[in-house]
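Colleague: I have a structure open and would like to learn how to read it. Can we go through it step by step?

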Amino acid sequence: MPAACGAGKALPGGGDGGDRPRRGAGPPPPSGRPGPAMAAAARPALARALLQQCLSARLQVKPPERGCEAEWVEIQRGLVIYICFFKGADEDLVPKIVNMLLNVKLSENESGEYVSVLDLPGDVLIIPQATLGGKPKGRKMQYHANIEKEKGLELYSQFVTLCEKELAANSKCMETGVLVKHGTYGNRQVLKLDTNGPYTHLIEF
């Protein structure tokens, strides 16, 4: 009779496990069923963010029209955040993303140490970037995983608002007058970026 799964492993209480299952023990878990860790790892991403250190950045949020020049938003030293939401993302996810992105130590200070953008402190430019959800199929890119436009706009607006609140509540940011600027959702935009590195990170949620 073949040994039960896990035979030979130490058991709680000092038992050696033996080659036979303990009397009264339940059946082994069905094969092929992933555990909690594997299930979490297999879960599709709900959002993706790309972080880029910058010395300065300038984003066109409205193209030039007859009689009107283009409109731009601009930041100095800080962080550019490209953000994309996928199907299944909801309002509960946004605070977790904001907390991670504003507190992760990816900004280099004058001493060469890596600190959060809040501790730098630095400006933040937020850019909606639907192409982060692209997946190649043949020679073309598909974006089937991206969230619906209306829901995406709702989550993006919430993301921008929470970033603004976090910087406004931070004493270092308030003292230095750092800025939060953002692009317009669903529109084609032009970016001019003076990178610091380049030092770029992709984070999934």
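This is a predicted model: local features need pLDDT of at least 70, side-chain atom pairs count only at pLDDT 80 or more; totals for chains, interfaces and linings use all residues.

Modeller: Start with a cut-off. Buried means under 20% relative accessible area, exposed means over 50%, and partly exposed lies in between. Lys-151 has a relative accessible area of 24%, so Lys-151 is partly exposed.

Colleague: Where does Asn-196 lie, and which residues does Asn-196 touch?

Modeller: Asn-196 lies in strand S10, residues 190–204. Not counting residues up to four places away in sequence, Asn-196 touches Gln-52, Gln-53, Cys-54, Leu-55 and Glu-108. At 19% relative accessibility, Asn-196 counts as buried, because the cut-off is under 20%.

Colleague: Next, the backbone. What should I look for in a peptide bond?

Modeller: Most peptide bonds are trans. Here, the bond from Leu-120 to Pro-121 is cis, with omega near -25°. Pro-121 sits in the loop between strand S5 (114–115) and strand S6 (123–128).

Colleague: And charges. How many salt bridges does the structure hold?

Modeller: First the idea. Side chains of opposite charge can pair when their charged atoms come close. This structure holds five salt bridges. One of them joins the side chains of Lys-151 and Glu-91, at 2.5 Å from N to O. Lys-151 lies in helix H3 (residues 149–169). Glu-91 lies in the loop between strand S3 (78–85) and helix H2 (93–103). The two are 60 residues apart in sequence, so the pair ties together separate parts of the chain. Glu-91 counts as partly exposed, at 29% relative accessibility.

Colleague: Which other residue meets Lys-151 in a salt bridge?

Modeller: Glu-154 does, at 3.6 Å from N to O. Glu-154 and Lys-151 both lie in helix H3, three residues apart, which is about one turn of the helix. Salt bridges that share partners join Glu-91, Lys-151 and Glu-154 into one network. At 41% relative accessibility, Glu-154 counts as partly exposed.

Colleague: Which residue forms a salt bridge with Lys-172?

Modeller: Asp-119 forms it, and the closest N and O atoms are 4.0 Å apart. This pair links distant parts of the chain: Lys-172 is in helix H4 (residues 171–176), and Asp-119 is in the loop between S5 and S6, 53 residues apart. Lys-172 is partly exposed, with a relative accessible area of 40%. Asp-119 is partly exposed too, at 38%.

Terms used
Residues are numbered from 1 along each chain as its sequence is written. Side-chain values use heavy atoms; hydrogens and water are left out. Helices (H or I, at least four residues) and strands (E, at least two) are DSSP runs, numbered from the N terminus. Buried means under 20% relative accessible area, exposed over 50%, partly exposed in between (1.4 Å probe, protein chains only). Contact means heavy atoms within 4.5 Å.
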